[in-house]
Amino acid sequence: MSFQSVQDIRSDLESLSERQALLATEPTTKKFVDAFFPGLTLKKSIVWITITQAVVYVVTCLWSGSFAPTDLTLLNFGGAYGPAIRHGQIWRLFTPIFLHASIWHVVINLLFILYMSLNIESKYGTKNFLILYFVAGVLGNMMTVLCRPCALSVGASTCGFGLIGALLTEICLA
């Protein structure tokens with residue numbers, strides 16, 4: 001009887017060792033983040049842009065005194081608005097890249113752009129990525145103002161669409 005008990009104990013220990021080995025190979029938090037955002041490090045410029053956009057969103061919410069910035073706050077912080085741009089406020093073509101109108105707007109924009117940008121920045125390099133990102137944002141804001149001159153426009157979607165355009169161009173030329 002005692003001999004079987006020793007075998008049972010050995011079997012239990014082997015089973016425990018196998019379970020520990022399996023647990024050691026399960027994905028960690030780092031692997032989970034890498035699955036969705038491969039190459040995510042503070043060395044990437046898009047990470048700092050994303051952090052800046054999140055901080056600007058919080059500041060505009062605090063300025064508005066609510067969970068979403070008001071139109072007046074977005075206008076004061078530099079939202080794209082045709083009549084203001086026509087009167088010389090050209091910087092309004094750049095600043096909307098950092099402004100967002102709601103929590104869902106900022107979350108979806110940042111996750112989508114962060115996911116795409118990590119790969120693009122690795123492929124093209126930081127300098128070329130930044131040129132592509134900001135030129136796409138400014139040109140997109142110009143088109144938005146041309147199409148809807150009296151509407152207040154904010155968001156980094158113009159940058160995201162520029163990145164999609166760059167990827168589609170690369171696919172078509174390959």
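## Terms and model

A residue is buried when its relative accessible area is under 20%, exposed when that area is over 50%, and partly exposed in between, using a 1.4 Å probe and protein chains only. The model is predicted, so local features need pLDDT of at least 70 and side-chain atom pairs count only at pLDDT 80 or more, while totals for chains, interfaces and linings use all residues. Residues are numbered from 1 along each chain as its sequence is written, and side-chain values use heavy atoms, with hydrogens and water left out.

## The chain

The chain has eight helices and zero strands. Helices here are DSSP runs of H or I with at least four residues, strands are runs of E with at least two, and both are numbered from the N terminus. Of the 174 residues, 33% are buried.

A contact means heavy atoms within 4.5 Å. Among contacts with a separation of 6 or more, 69% join residues 24 or more positions apart.

## Helix α8

Helix α8 covers residues 157–173. The expected span of a helix is 1.5 Å times one less than its number of residues. For the 17 residues of α8 this gives 24 Å, which agrees with the 24 Å between its end C-alpha atoms.

The buried residues of α8 are Thr158, Cys159, Gly160, Gly162, Leu163 and Ala166. These buried residues pack against α6 (103–124) and α7 (126–147).

## Cys150

Where is Cys150 found? Cys150 lies in the loop between α7 and α8. Cys150 counts as exposed because its relative accessible area is 60%.

Leaving aside residues up to four places away in sequence, Cys150 touches Tyr81 and Pro83. Cys150 and Ala80 are 70 residues apart in sequence, and their C-alpha atoms are 9.3 Å apart in space.
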